[in-house]
Amino acid sequence: MNRHPALREPRVVVGGAILLTLVAVAAFAPLLAPHDPNRQDLLRMLVPPLWSADADPDFPLGTDNLGRCILSRLIYGARVAVIVGTIVPIGTGLFGGSIAIAAGYCGGKIDWAVSRVVDVWMSFPAVVLALVLMVGLSPGLLNVILATILVDWTRFCRVTRGGILSLMKLDYIAAARIAGASHMQVMIDELLPGVLAIIITLMSVEIGIAVVVESVLSFVGVSVEPNIPTWGSMIADGLVTVFDQPWGLVFPMAAIILTVLAANMLGDGLRITLDPRVALRHEIV
């Protein structure tokens, strides 16, 4: 039985496996976490991980400066990462991709106006813009998702628009219009399939970007509510005791790096397998 080319690409398999494992950890967090992530035990502050001499078997990865289980907080922090890393790529893909298809198809002043908006929007540093938006909004998971989508839609729009402009030069687009297809039919039936591989690849990469943006927002305290564990807030807590107990900082940073690496591997693998031109160059090399 023949497998899809994407499933034969090692980067897709490895990256997808890591991300699926992260989803499973987030889904079964109450079963996997050994303790309540917010439970404080001031008698067990800064307990080292299991492989250290003074370790406590009840806390495999040790505790933070308030005696909270690092492993439990790491597991529950995956929930926020998974939610943001799932909804944000879909939102940015739909929003940015739709604007790109409409602008590239209409051309003229509409395309020029969209391009100028994208240029101006992308001139601001993404993280700074997200912080400004969160200040204008209020802390909360929904607002974090909305702010991240508003920051990153331009990346989808610019790349997808380039693909649309290339497709508009092809004969089959003109043939569809001559055959009587409506504007909406041309955009959905003819243009969208041509840039779908680009959008899917960008969505894969956006997983890691969304996780990093949320971590930065939670690091400075403008993400979700304080009682919800996040990797960014764990890094902020770990900085306080980094010289006494560095593991509270190392573990959430490692989780973020692994997630971003997996997302980039998945995106790179999908780019090779879904784009025929890239796949052909890859095979030649």
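Predicted model: local features only at pLDDT ≥ 70, side-chain atom pairs only at ≥ 80, totals over all residues.
Biologist: How do the axes of α3 and α4 cross?
Modeller: Helix α3 (residues 70-106) and helix α4 (residues 108-122) have axes that come within 6 Å and cross at roughly 140°. Axes are lines fitted to C-alpha atoms, for helices over the stretch in contact, and angles run from 0 to 180 degrees between N-to-C directions. Helices are DSSP runs (H or I, at least four residues), numbered from the N terminus.

Biologist: How are they oriented to each other, then?
Modeller: α3 and α4 are therefore oblique to each other. Angles under 35 degrees count as roughly parallel, over 145 as roughly antiparallel, 65 to 115 as roughly perpendicular and the rest as oblique.

Biologist: Which residues of α3 and α4 meet?
Modeller: Ile 99, Ala 103, Gly 104 and Cys 106 in α3 meet Gly 108, Ile 110, Asp 111 and Val 114 in α4, where contact means heavy atoms within 4.5 Å. By class, this contact of α3 with α4 has five nonpolar, two polar and one charged residues. Ala, Val, Leu, Ile, Met, Phe, Trp, Tyr, Cys and Pro count as nonpolar, Asp, Glu, Lys and Arg as charged, and the others, Gly among them, as polar.

Biologist: And at what angle do α3 and α8 pack?
Modeller: α3 and helix α8 (residues 183-219) pack at an angle of about 145°, with their axes 7 Å apart. The contact of α3 with α8 has 19 nonpolar, five polar and two charged residues.

Biologist: Changing topic, how many aromatic pairs does the structure hold?
Modeller: There are four aromatic pairs; rings of Phe, Tyr and Trp (its six-membered ring) pair if their centres lie within 6.5 Å, and planes under 30 degrees apart count as stacked, over 60 as edge-to-face and the rest as tilted. One of the pairs is Trp 247 with Phe 251, which is stacked at 5.5 Å centre to centre and 25° between the planes.

Biologist: Where do Trp 247 and Phe 251 lie?
Modeller: Both are in helix α10 (residues 247-274), four residues apart, about one turn of the helix. Trp 51, Trp 247 and Phe 251 form one aromatic cluster.

Biologist: Is Phe 251 buried or exposed?
Modeller: Phe 251 counts as buried, at 13% relative accessibility, whereas Trp 247, at 28%, counts as partly exposed. Buried means under 20% relative accessible area, exposed over 50%, and partly exposed in between (1.4 Å probe, protein chains only).

Technical notes: Residues numbered from 1 in each chain as written. Heavy atoms only, no water. Helix = DSSP H or I, 4+ residues; strand = E, 2+ residues; numbered from the N terminus.
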